[in-house]
Amino acid sequence: MSTPPSPERKLAPGKEFEGSYLHAVIARKSNSCYKYDENVTKLTCGQGGSRAILGHFVCKTCNPSHTWHSGRICTELFLASNDRYRAILHAQQCRRCATYVEPKVDKENYGRKVVSTLDLWTGRRERLESTWDFKKTDPHDHVRCHGCQIGVCNRRSEG
Ligand SMILES: [Zn+2]
Ligand SMILES: [Zn+2]
């Protein structure tokens, strides 16, 4: 077995998660027009940005486990040539024990927002008035969001 070339951006273990496992959702929503490519980075992508996705977190370090919901799971999106894209999901820290917890995104919401963003970037659709469902959730906890900690979380979309 040969080692694949390491991507330019190494994900921070336990804090950043490759979105490849959610590709089936994107494939279904987009009639398979986008391909997942783990080697796309901020440097090699044509377009990039972050989106806020609905979902929840379960901290199993806490006993009993601690669950919280978020309307703003920071998800970075990169689009490269030939409809290749990559998504990186960011952890949030448990406010009880400070452990970084992997996000569990709402697949419907993830699929809709990611495909809608890729469609916009590739010119498959026009920019619409806000198509996002604007769910009022607790204020975003910037201190505990890994995306905010490294400065990639989208602060414009929701206040
Ligand atoms: Zn915890
Ligand atoms: Zn954030």
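Predicted model: local features only at pLDDT ≥ 70, side-chain atom pairs only at ≥ 80, totals over all residues.
Q: Which residues coordinate the zinc ion (ligand 1)?
A: Cys59, Cys62, Cys94 and Cys97 do so, each through its SG atom, at 2.3 Å.

Q: And what geometry does the site have?
A: The site of the zinc ion (ligand 1) is tetrahedral, with angles of 101 to 118 degrees among its four donor atoms.

Q: What spacing do the donors follow along the chain?
A: The donors follow the spacing C-x2-C-x31-C-x2-C.

Q: Is Cys94 buried or exposed?
A: Cys94 is buried, at a relative accessible area of 1%. Cys97, by contrast, counts as partly exposed, with 30% relative accessibility.

Q: Turning to the rings, how many aromatic pairs are there?
A: A search of the whole structure gives two aromatic pairs. In one of them, the ring centres of Tyr36 and Tyr85 are 5.0 Å apart and the planes stand at 85 degrees, so this pair is edge-to-face.

Q: Which parts does that pair tie together?
A: Tyr36 belongs to strand S2 (residues 35-36) and Tyr85 to strand S5 (residues 84-90), so the pair ties together parts 49 residues apart in sequence. Tyr36 counts as buried at 18% relative accessibility, and Tyr85 counts as buried at 0%.

Q: What about Phe57 and Trp68?
A: Their ring centres are 5.1 Å apart and their planes are at 10 degrees, so the pair is stacked. Phe57 lies in strand S3 (residues 47-59) and Trp68 in strand S4 (residues 66-80), so parts eleven residues apart in sequence are tied together.

Q: Why does Trp68 count as buried?
A: Trp68 has a relative accessible area of 15%, and buried means under 20%. Phe57 also counts as buried, at 0% relative accessibility.

Definitions and conventions:
Residues numbered from 1 in each chain as written. Chains lettered and ligands numbered in written order. Heavy atoms only, no water. Donors = N, O, S within 2.8 Å, 3.2 Å for Na, K, Ca; no water. Tetrahedral: all angles 85-135°; square planar, octahedral: opposite > 155°, others 65-115°. Buried < 20%, exposed > 50% of the residue type's maximum accessible area, 1.4 Å probe, protein only. Phe/Tyr/Trp six-rings, centres within 6.5 Å; stacked < 30°, edge-to-face > 60°. Helix = DSSP H or I, 4+ residues; strand = E, 2+ residues; numbered from the N terminus.
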